[in-house]
Amino acid sequence: MSDVTSRVALVTGSSRGIGRSIAELLASHGHRVAINFVSNEAAATEVVSAIEAAGGTAVAVKGDVGDEAAVAAVMAEVQEKLGPIEILVNNAGITRDDLLMRMKPDAWDVVMQTNLRSVFLCSKGVMRGMLRGRWGRIISLSSVAGVYGNPGQANYAAAKAGVIGFTMSLAKEIGSRGITVNAVAPGFIATDMTAALGDDVTNAAAEKITLGRLGLPEEVASAVGYLASEDASYITGQTIVVDGGLAL
Amino acid sequence: MERSQIEAKLTDLLVDELGLERDDITMEAKFEEDLDVDSLGVVELLMALEDNFDVKIPDEEAEKITTVGEAADLVSQKLNG
């Protein structure tokens with residue numbers, strides 16, 4: 001790892017799952033990390049404690065990143081406690097799966113708000129500081145659902161495909177200023193989100209995966225950690241698929 | 001602040017922040033057409049104006065700026081009411 005500069009990172013939705021692994025990895029690289037959460041303060045505090053116990057620096061910052069006022073408050077709090085955000089990881093995401101025939105407009109709207117509007121709001125929120133510093137990393141979590149589609153996830157897949165288009169467009173807008181914008185698209189990863197699908201669904205999924213198993217949150221985090229590093233300075237507008245060879 | 005002071009400070013910012021040639025800068029010069037400053041460059045200039053003149057420039061007003069003189073007008077209006 002040639003990356004030795006300690007930077008300020010915000011990881012949205014990082015009290016558990018993939019977000020937590022990303023936060024812990026960035027902290028282990030020496031970055032000062034803001035752990036954003038919406039409701040589970042105990043879990044966020046636990047992540048902060050784990051990072052501090054390992055010798056890192058982290059703060060928990062509450063706020064719904066799909067909400068404009070909340071994002072402004074989160075940005076202000078991180079700025080005050082840690083400084084200007086140099087690494088933004090748009091990780092916060094939810095699912096409200098249903099067949100399209102049965103999907104309520106609310107299930108569409110809330111997934112768009114949390115998974116896509118949040119990416120817009122948070123990226124816009126960090127723009128000034130990154131332009132000023134002439135350095136920045138924006139990494140957003142997409143999904144294989146957004147690349148290949150997935151039945152029952154029209155809302156989630158649309159939001160996650162939206163993340164990819166957003167990533168390519170913003171990369172072109174601000175590439176000349178030393179800011180890279182990329183996405184990571186995980187496949188089936190063992191988290192609470194996939195556990196909710198049940199053993200039958202996850203076992204069937206594992207059979208279709210080239211590597212024959214679900215991925216671990218740490219295996220997604222390592223791709224994010226790489227994109228956040230100096231080593232990835234010439235990569236922008238890309239989506240790295242971390243799916244164990246699902247589509248091969 | 002005097003208009004001439006605003007223009008002088010603005011010119012310094014354009015040279016220092018956007019790397020423009022001092023000789024090319026006139027109050028009539030258009031950012032995008034004459035000075036080859038892209039739209040993101042104009043946004044960055046407005047950020048620098050906010051920092052250096054300690055004013056707030058709302059997006060709706062920032063979007064109307066096309067020339068150096070208009071940027072000076074906006075700063076002057078913000079500073080002197």
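In the structure shown here, helices α3(A) and α4(A) are oblique to each other, the term covering angles other than those under 35 degrees (roughly parallel), over 145 (roughly antiparallel) and 65 to 115 (roughly perpendicular). The model is predicted, so that local features need a pLDDT of at least 70 and side-chain atom pairs count only at pLDDT 80 or more, whereas totals for chains, interfaces and linings use all residues. Residues are numbered from 1 along each chain as its sequence is written, chains are lettered from A and ligands numbered from 1 in the order in which they are written, and side-chain values use heavy atoms, with hydrogens and water left out.

The axes of α3(A), which comprises residues 68–81, and α4(A) come within 10 Å and cross at roughly 40°; axes are lines fitted to C-alpha atoms, for helices over the stretch in contact, and angles run from 0 to 180 degrees between N-to-C directions. Helices (H or I, at least four residues) and strands (E, at least two) are DSSP runs, numbered from the N terminus. The crossing of α3(A) and α4(A) is right-handed, in that the near helix is turned clockwise from the far one by less than a right angle, anticlockwise being left-handed. On the α3(A) side, A:Glu68, A:Val71 and A:Met75 meet A:Arg117, A:Leu121, A:Cys122, A:Gly125 and A:Val126 of α4(A), where contact means heavy atoms within 4.5 Å. Helix α4 of chain A also holds A:Phe120, which is partly exposed with a relative accessible area of 43% (buried is under 20%, exposed over 50% and partly exposed in between, for a 1.4 Å probe and protein chains only). The C-alpha atom of A:Phe120 is separated by 30 Å from that of A:Leu214, a residue 94 places away along the chain.

The axes of α4(A) and α2(B) come within 11 Å and cross at roughly 90°, which makes α4(A) roughly perpendicular to α2(B). Here A:Arg128, A:Leu131 and A:Arg132 in α4(A) meet B:Leu40, B:Glu44, B:Met47, B:Glu50 and B:Asp51 in α2(B). Helix α2(B) runs over residues 39–53, and its 15 residues reach 21 Å from the first C-alpha to the last, close to the 21 Å expected at 1.5 Å a residue, the expected span being 1.5 Å times one less than the number of residues. Eleven of the 15 residues of α2(B) are buried, so that the helix is mostly covered; among them are B:Leu40, B:Val42, B:Leu45, B:Leu49 and B:Phe53. These buried residues of α2(B) pack against α4 (105–133) and α6 (154–174) of chain A, together with α1 (3–18), α3 (59–62) and α4 (68–80) of chain B.

Within α2 of chain B, B:Glu44 counts as buried at 8% relative accessibility. Leaving aside neighbours within four places in sequence, B:Glu44 is in contact with A:Leu131, A:Arg134 and A:Arg177. B:Asp54 is placed in the loop between α2 and α3 of chain B and counts as exposed, at 70% relative accessibility.

In chain A, the twelve residues of helix α1 (17–28) should span 16 Å at 1.5 Å a residue, and the end C-alpha atoms are 17 Å apart, which agrees. The buried residues of α1(A) include A:Ile18, A:Ile22 and A:Leu26, and the helix is followed by A:Gly30, whose phi is positive, near 100°.

A:Asn182, in strand β6 (residues 179–186), counts as buried at 1% relative accessibility, and its side chain reaches the backbone nitrogen of A:Gln238 at 2.9 Å. The C-alpha atoms of A:Asn182 and A:Ile139 are 4.9 Å apart in space, although the residues are 43 apart in sequence. A:Ser143, in the loop between β5 (136–141) and α5 (144–148), is buried with a relative accessible area of 7%, and its side chain reaches the backbone nitrogen of A:Ala145 at 2.9 Å. Not counting residues up to four places away in sequence, A:Ser143 touches A:Tyr156, A:Lys160, A:Val184, A:Ala185 and A:Pro186.

Definitions and conventions:
A polar contact is a pair of N or O atoms within 3.5 Å; within protein, one must be able to donate a hydrogen and the other to accept it, and residues adjacent in sequence count only if both atoms are side-chain atoms.
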